[in-house]
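Dear colleague,

I am passing on the structure below, together with notes on what turned up when I went through it. Please read the notes with the coordinates open beside them.

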Amino acid sequence: DLDRFEEALPMLREVRRRTEQSGNLNAWALARAILARVEYETGRWDDVLIDIDSPAESTDPSSASYVRGIAALIALHRDDEVGARRHIELSNPATVLAGGWHDAVLHARAVERERAGRPDEGLVLLVTYMSDDQRSAADWVTHMTGVDAVRLAVHVGDLTTARELAAQIEAHASGADAPSGRAARRYCRGL
């Protein structure tokens, strides 16, 4: 949350190694999901995909769905719509919709719809997700999903929604002094 990714990466890799050695597959899957997020944020996309089809993924469908969402976003950024669809379909819809930190799958679905010429549908997904009280306070929603939600709102001409979302991001990011929070605020203001 402090954007100290270079410090976090070796620690997360060590946690993942130790959880794997201990045989605690649920802890391993959670560590893998957090590591995938940091690798995504730092452009280490191939590292995210290395063990995407690991058998351990079935032990924690919630964390596995999150990693699938990040993999789908990577595929979409690489113009691999077939790969993105595969990752979205392999995510567990029950865990994505049940709550928690699963914005990556919904974010990927929204980007997929935008790329298919239906940005309004993508916006609805993100606005619904961000308006849920369970999720709206999460840093990751703000920095990853929220910025794209504002961008899509502007793209479809819904400036009221864009302003409301930007205000939500502004309020949340003002409580954190991380570079990504400041960047999110400025980017949304600029839009």
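Helices here are DSSP runs of H or I with at least four residues, and strands are runs of E with at least two, both numbered from the N terminus. On that basis the protein has 11 helices and zero strands, so that the order of elements from the N terminus on reads α-α-α-α-α-α-α-α-α-α-α.

Before the details, a word on the source: this is a predicted model, in which local features need pLDDT of at least 70 and side-chain atom pairs count only at pLDDT 80 or more, while totals for chains, interfaces and linings use all residues. Residues are numbered from 1 along each chain as its sequence is written, and side-chain values use heavy atoms, with hydrogens and water left out.

Overall picture

The protein exposes about 9300 Å², of which carbon and sulfur atoms supply 54%; accessible areas come from the Shrake-Rupley method with a 1.4 Å probe, and for residues only the protein chains shown count as cover. Among contacts (heavy atoms within 4.5 Å) between residues at least 6 apart in sequence, 61% join residues at least 24 apart.

Salt bridges

A search of the whole structure finds 18 salt bridges, each being a side-chain nitrogen of Lys or Arg within 4 Å of a carboxyl oxygen of Asp or Glu. One of them joins the side chains of D79 and R115 at 2.5 Å, N to O. This pair links distant parts of the chain, since D79 sits in the loop between α4 (61-77) and α5 (81-90) and R115 in helix α7 (residues 103-115), 36 residues apart. D79 is exposed, at 57% relative accessibility, whereas R115 is partly exposed, at 36%.

R151 has a relative accessible area of 22% and counts as partly exposed.

The side chains of E170 and R189 meet in a further salt bridge, at 3.2 Å, N to O. E170 belongs to helix α10 (residues 159-173) and R189 to helix α11 (residues 179-190), so the pair ties together parts that are 19 residues apart in sequence. Here E170 is partly exposed at 28% relative accessibility, and R189 is exposed at 54%. Elsewhere, R13, E39 and D47 are linked in a network of salt bridges.

Helix α8 (residues 119-131) has 13 residues and reaches 18 Å from its first C-alpha to its last, close to the 18 Å expected at 1.5 Å a residue, where the expected span is 1.5 Å times one less than the number of residues. Within α8, the residues P119, G122, L123, L126, Y129 and M130 are buried. They cover an arc of only 135° around the axis, taken from the directions from the helix axis to the C-beta atoms, which puts them on the same side of α8. The face turned away from that buried side carries the exposed residues V124 and S131.

T161 has its place in helix α10 and counts as buried, at 15% relative accessibility. Leaving aside its neighbours within four places in sequence, T161 is in contact with V127 and A153.

Aromatic pair and the N-terminal segment

Rings of Phe, Tyr and Trp (its six-membered ring) pair if their centres lie within 6.5 Å, and planes under 30 degrees apart count as stacked, over 60 as edge-to-face and the rest as tilted. By this rule the count comes to one aromatic pair. Y40 and W45 form that pair, which is stacked, with 5.7 Å centre to centre and 10° between the planes. Y40 is buried at 12% relative accessibility, while W45 is partly exposed at 22%.

Finally, R4 lies in the segment before α1 (5-22) and is partly exposed, at 46% relative accessibility. The C-alpha atoms of R4 and A178 are separated by 8.9 Å, although these residues are 174 apart along the chain.

Note on methods: Buried < 20%, exposed > 50% of the residue type's maximum accessible area, 1.4 Å probe, protein only.
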